[in-house]
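The sequence and the structure come first, and the discussion follows.

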Amino acid sequence: MDPEVGANRTSVTEFILVGLVETEQLQSVVFVVFLFAYLVTVGGNLSILAAILVEPKLHTPMYFFLGNLSVLDVGCITVTVPSMLARLLSHKRTVPYRACLTQLFFFHLLAGMDCFLLTVMAYDRFLAICRPLTYNTHMSQNVQRILVAVSWALGFTNALNHTIALTTLNFCGPNIVNNFYCDVPQLFQLSCSSTQLNELLLFVAAAFMAVAPLVLITVSYAQVAAAVLQIRSVEGRNKAFSTCGSHLTVVCLFYGTGIFNYMCLGSEESSDKDKGVGVFNTVINPMLNPLIYSLRNPDVQDALWRVFVGRKSLT
């Protein structure tokens with residue numbers, strides 16, 4: 001691009017978020033649906049967190065990590081959905097440049113934390129099933145806190161790197177983001193300067209934040225599967241697999257939609273698909289996680305019963 005042309009353009013001070021739909025009638029429907037999804041997600045995850053706090057049987061490493069995952073889910077949907085609902089109410093689709101980068105930072109902070117926390121949960125299942133005699137030593141309270149703190153630190157570093165890298169790009173028009181929240185792929189598409197270094201950073205970050213954790217999760221569960229298959233009792237095998245099934249479902253949903261979202265880097269041809277995947281990442285997955293972890297877990301169900309009814313269930 002000609003530097004003189006770029007110099008004559010006005011720097012973008014705000015972006016216009018297209019949102020999911022443009023017709024006013026459909027916007028009303030989207031507002032009601034997403035408000036309901038937000039309330040269900042926040043209520044469901046806070047209920048799981050309350051159940052873990054009040055039920056002594058759930059004061060174990062697995063549920064400590066699950067409680068942290070519930071906090072992340074609440075944060076993830078809160079970063080994107082309330083601001084979208086506010087824009088639908090006010091019919092104002094603009095978002096300041098700094099607010100856009102702030103939203104992007106917190107989204108990548110929570111998503112990065114999610115990657116590592118899911119890895120930690122897989123490691124916890126590996127120790128519990130494959131190293132039961134040393135489990136309490138290797139997964140003490142101090143170790144749990146350190147693993148969560150390291151996950152937060154890595155997620156923060158990843159989000160900060162992306163945010164700082166984006167501030168080096170020039171945005172001089174157009175400023176229309178074909179999504180309902182600010183994210184890296186769509187902003188790359190709007191930059192009027194080269195994004196090659198940023199795309200390289202995104203590739204390296206994806207290898208570190210997504211591929212490496214996914215490999216560790218796969219290795220952990222491969223050893224878990226091998227150990228479980230050696231259990232002679234059918235009941236014992238089913239019990240061991242049931243403690244891993246919910247986590248594996250969440251991993252598949254999280255990584256499946258996340259990898260798809262960043263493969264095309266916000267190309268125009270995939271922008272509408274990006275919206276759909278974005279809905280899964282920011283709304284559907286956080287809403288499903290409490291349901292997934294409670295449906296097949298009698299301990300969680302009993303704790304939830306105590307939270308809402310004040311006594312143990314008959315089961």
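Does Cys 115 count as buried or exposed? Cys 115 counts as buried, at 8% relative accessibility, where buried means under 20% relative accessible area, exposed over 50% and partly exposed in between, with a 1.4 Å probe and protein chains only.

## Basis of the description

This is a predicted model, in which local features need pLDDT of at least 70 and side-chain atom pairs count only at pLDDT 80 or more, while totals for chains, interfaces and linings use all residues. Residues are numbered from 1 along each chain as its sequence is written, and side-chain values use heavy atoms, with hydrogens and water left out.

Leaving aside neighbours within four places in sequence, Val 224 is in contact (heavy atoms within 4.5 Å) with Arg 125, Phe 126, Ile 129, Cys 130 and Cys 244.

## Disulfides

A disulfide is taken as a pair of cysteine sulfur atoms within 2.5 Å, and by this rule the count comes to 2. One joins Cys 100 to Cys 182, with an S to S distance of 1.9 Å, and this link is left-handed, with -120° about the S-S bond. Because Cys 100 lies in helix H4 and Cys 182 in the loop between strand S3 (176-177) and helix H7 (184-190), the pair ties together parts that are 82 residues apart in sequence. Cys 100 is buried, with a relative accessible area of 0%, and Cys 182 is buried at 1%.

The other disulfide joins Cys 172 to Cys 192 (S to S 2.0 Å). Cys 172 lies in the loop between helix H6 (141-167) and S3, and Cys 192 in the loop between H7 and H8, so this pair ties together parts that are 20 residues apart in sequence. Both Cys 172 and Cys 192 are buried. With bonded cysteines counted along the chain, the disulfides follow the pattern 1-3, 2-4.

## Cys 130

Cys 130 is buried, with a relative accessible area of 18%. The closest cysteine sulfur to that of Cys 130 is in Cys 244, at 8.8 Å, which is too far for a bond.

Notes: Helices (H or I, at least four residues) and strands (E, at least two) are DSSP runs, numbered from the N terminus.
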